[in-house]
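Let's take a walk through this structure together, one piece at a time. Have the sequence and the model open side by side as you read.

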Amino acid sequence: MTDRKNVRPTAELQAADLAHHLHPFTDHTELAGEGGPRIITHGEGVWLWDSEGRRLLDGMAGLWCVNIGYGRPELGEVARRQMDRLAYYNTFFKTSHEPVVELSERLAGLLPDGLDHVFFANSGSEANDTAVRLVRNYWARHGQPERHVIISRRHAYHGSTILAASLGGMASMHDIPGIPVPGIVHAEPPYSWEAGADLDDPEFGARAADAVEEAILRAGADSVAAFIGEPVMGAGGVIVPPPGYWKRVQEICDRYGILLICDEVICGFGRMGEWFGAQSYAIRPDVMTMAKGLSSGYQPISAVAINARVAEPLLDRVGRFPHGFTYSGHPVAAAVALENLDIMARENLLGHVRVTAAPALQTGLATLRDHPLVGEVRGAGLVAALELTADKASRRPFDPAGSVATRVRDLCFERGLVTRAVREGLVFAPPLVISQDEVGELVTILKSCLDDVW
Ligand code: PLP
């Protein structure tokens, strides 16, 4: 067991962090007001520990990514072996290496039929950038360069590069000049709570899918290259598709000949109880982007899989696809991803999600449905959200917006549970390995925090 203690005292680390470290998505004045960040030292299963020895149940699997849980020594051993053998080589100049070949082959075997070709990158954002370049390349090579528009959805999250942030549909992400870039049109999301509809209303499912068609027509059908969507929208607040939604979206894409990109950065690798969310919702994507659970966050790696239609201009025509990253298909990341997939298969984590973890999480959170602060509890597989409201009947938000969700989140953090606040909601995506008892602890802490904030 490696030493779990920091070398430097907590206060010194916090001061140095405040002085020099820029945090993603963080209000630095707030962080300074709190005396600096909580320093996390180590993890085991679904648990994290901070430098003061306090234990936290990670209800978010890091950032929706530590699917196999923390503290798996096998991954470190594999990384070490691969570093000793070949720490780095690229695959740009007609070279390859065993880990990337094996990982491509393994993914092709797991992916829905037809997605046989895989490109590697380092993050979900890069995977989505790559997907857009691939679909625009497809139409250009078919003599239709004007087909460049990507349809996405309001509240979507597809990453944080300029293009990925533009694909995303969160207003706060567009609050920087130049974003969104041109060529992206946002449709209304299938967000029943916001639309005043019932979660399981098929009529709402049809109406929400028709919003995709409206966006296509708004853009001009002849200019649309692709639609991008997560099977279940995660960071946008766990927006679960209503019945019939994906079937109809698929029909709309087919009718207009539009390519369908499934962003599986959260849903992929077991979170929905299947390898991919596309399988849970019978979606037939032309392009699929993956990251997070591919390595359970143990190494930065992402992938884009494409079908024969999108691959044809790359494989059968003369000419380079001018795109790639220094670390595309990094051998250490690929080796770690392979071991991660081995663990998922060996431990039947998909079965665990389906039979134990997801039912425990969904039924556990459902017990909070009648709490005075809770308007709705929704989820799919091992993601879930509590929508908080100032008034259940009118679905009125709190004033100021999001203030109650933030207070509950902060209290949970103090009491040893990591959750995340999104608008008026709290979202959950624990490691897939979470046990029934651990879900029980999650619900108990959450309930005590809801009670005390109320
Ligand atoms: N796509 C989805 C659905 C995500 O949830 C995220 C990150 O949360 C991304 C893309 C971006 O991934 P990354 O942060 O690795 O760039």
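**Strand 7 and its surroundings**

Strand 5 and strand 7 run parallel and are joined by 3 bridges (strands pair if DSSP finds at least two bridges between them; strands, E, of at least two residues and helices, H or I, of at least four are DSSP runs numbered from the N terminus). Before going on, note that this is a predicted model, in which local features need pLDDT of at least 70, side-chain atom pairs count only at pLDDT 80 or more, and totals for chains, interfaces and linings use all residues. Residues are numbered from 1 along each chain as its sequence is written.

In strand 7, Ala226 is the bridge partner of Ile150. Strand 7 is also joined to strand 8 (residues 259-263) by 4 bridges, and these two run parallel. Here Ile228 stands opposite Ile261 in strand 8. From strand 7 the chain crosses through helix 10 to strand 8, a β-α-β crossover that is right-handed (with the strands pointing away from the viewer, the path from the first strand over the helix to the second runs clockwise). Because 6 of the 6 residues of strand 7 are buried, this strand is largely enclosed by the rest of the structure (buried means that 20 or more other C-beta atoms, placed from the backbone, lie within 10 Å of the residue's own).

Now look at helix 9 (residues 202-219). Its buried residues include Phe204, Ala208, Val212 and Ile216. Just after helix 9, Gly220 takes a positive phi of about 95 degrees.

Terms used: A residue is buried if 20 or more other C-beta atoms lie within 10 Å of its own, exposed if 12 or fewer, and partly exposed in between; C-beta atoms are placed from the backbone.
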